Amino acid sequence: MIARWPGKIKANSIERQPGHIIDFMATFIDMAGAEYPKTYRGRDIIPLEGKSLLPVFFGERRAPHENLIWHWAGNRAIRADNFKAVWEKREKTWKLYDLACDQTETKDLAAAHPELTQKLAARWYTWADMTEVKYSDD
């Protein structure tokens, strides 16, 4: 992501804290001094998942996400700490990568760490149910 905010964000700086598209809403709410609602038109809505990027923009540390989870075009992934579990729809299986030593995701560790792989997959399914993601394992 590239961000420009003269007088607020240090020019030509690079920050390596992970962020995600879900952080945009939280950041905009923080910038506006608003609060994310718990209901809309009398109906409970999904809790805010993102975390404000303002501390990152200002060169501060922020608590990392417990998980970063996504679904796109039938593919899915979850990142927790340095591990990332990935499901590719064409292969129909979960793979596991350690991003601390394999940023290009070339060494699948799922067979070596089946419990972690299944734990992350279970978190993905819980998130998918909460957010009403339509998916198929077929």
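# Core and strands of a predicted model

Reader: Which residues have the most contacts inside the largest nonpolar core?
Author: The largest nonpolar core has 15 residues. Such a core is a set of buried Ala, Val, Leu, Ile, Met, Phe, Trp, Tyr and Cys residues joined through side-chain atoms within 4.5 Å. Buried means under 20% relative accessible area, exposed over 50% and partly exposed in between, with a 1.4 Å probe and protein chains only. The residues with the most contacts inside this core are Ile78, Ala85, Trp94, Leu120, Trp124 and Trp127.

Reader: Which element gives the largest share of this core?
Author: S4, S5, S6 and helix H3 (114–131) each give two or more residues to it. Helices (H or I, at least four residues) and strands (E, at least two) are DSSP runs, numbered from the N terminus. The largest share, 6 residues, comes from H3.

Reader: At what pLDDT do side-chain atom pairs count?
Author: Residues are numbered from 1 along each chain as its sequence is written, and side-chain values use heavy atoms, without hydrogens and water. The model is predicted: totals for chains, interfaces and linings use all residues, local features need pLDDT of at least 70, and side-chain atom pairs need pLDDT 80 or more.

Reader: What pattern does the protein follow along the sequence?
Author: Start with the count: 3 helices and 6 strands. Now put them in sequence order. The pattern reads α-β-β-α-β-β-β-β-α.

Reader: Which residue of S5 is the bridge partner of Ile78?
Author: Strand S4 covers residues 75–80 and strand S5 covers residues 83–88. They run antiparallel, joined by 5 bridges. Two strands pair if DSSP finds at least two bridges between them. The S5 partner of Ile78 is Ala85.

Reader: And which residue of S6 is the bridge partner of Ala85?
Author: S5 also runs antiparallel to strand S6 (residues 93–98), with 6 bridges between them. Ala85 is one of the residues with the most contacts in the core. In S6, its bridge partner is Leu96.

Reader: Which residue takes a positive phi in the hairpin of S3 and S4?
Author: This hairpin has 2 residues between the strands. Its loop joins strand S3 (68–72) to S4.

Reader: Is Ala73 buried or partly exposed?
Author: Compare its value with the cut-offs. Ala73 has a relative accessible area of 47%, so it counts as partly exposed.

Reader: Which residue has a positive phi in the turn between S5 and S6?
Author: The hairpin of S4 and S5 has 2 residues between its strands, and Asp81 in that turn has a positive phi of about 55°. The hairpin of S5 and S6 has 4 residues between its strands. Here the positive phi, about 55°, belongs to Lys92.

Reader: What is the relative accessibility of Glu105?
Author: Glu105 lies in the loop between S6 and H3. Its phi is positive, about 55°, although it is not a glycine. It counts as partly exposed because its relative accessibility is 27%.

Reader: Which residues does His20 touch, beyond those up to four places away in sequence?
Author: His20 is found in the segment before helix H1 (23–32). It is buried, as its relative accessible area is 17%. Contact means heavy atoms within 4.5 Å. By that rule, His20 touches Leu68, Ile69 and Trp70.

Reader: How many Å apart are Leu54 and Trp5 in space?
Author: Leu54 sits in helix H2 (residues 54–57). With a relative accessible area of 10%, it is buried. Its contacts, not counting residues up to four places away, are Trp5, Thr27, Asp30 and Met31. Leu54 and Trp5 are 49 residues apart in sequence, yet their C-alpha to C-alpha distance is 11 Å.

Reader: Which residues are in contact with Trp127, leaving aside its neighbours within four places?
Author: Trp127 is among the core residues with the most contacts. Set its sequence neighbours aside. The contacts are Glu49, Ile69, Trp70, His71 and Val133.

Reader: What percentage of the residues in the protein is buried?
Author: The C-alpha trace spans about 50 × 45 × 25 Å along its principal axes. The protein has 138 residues. The buried part makes up 31%.
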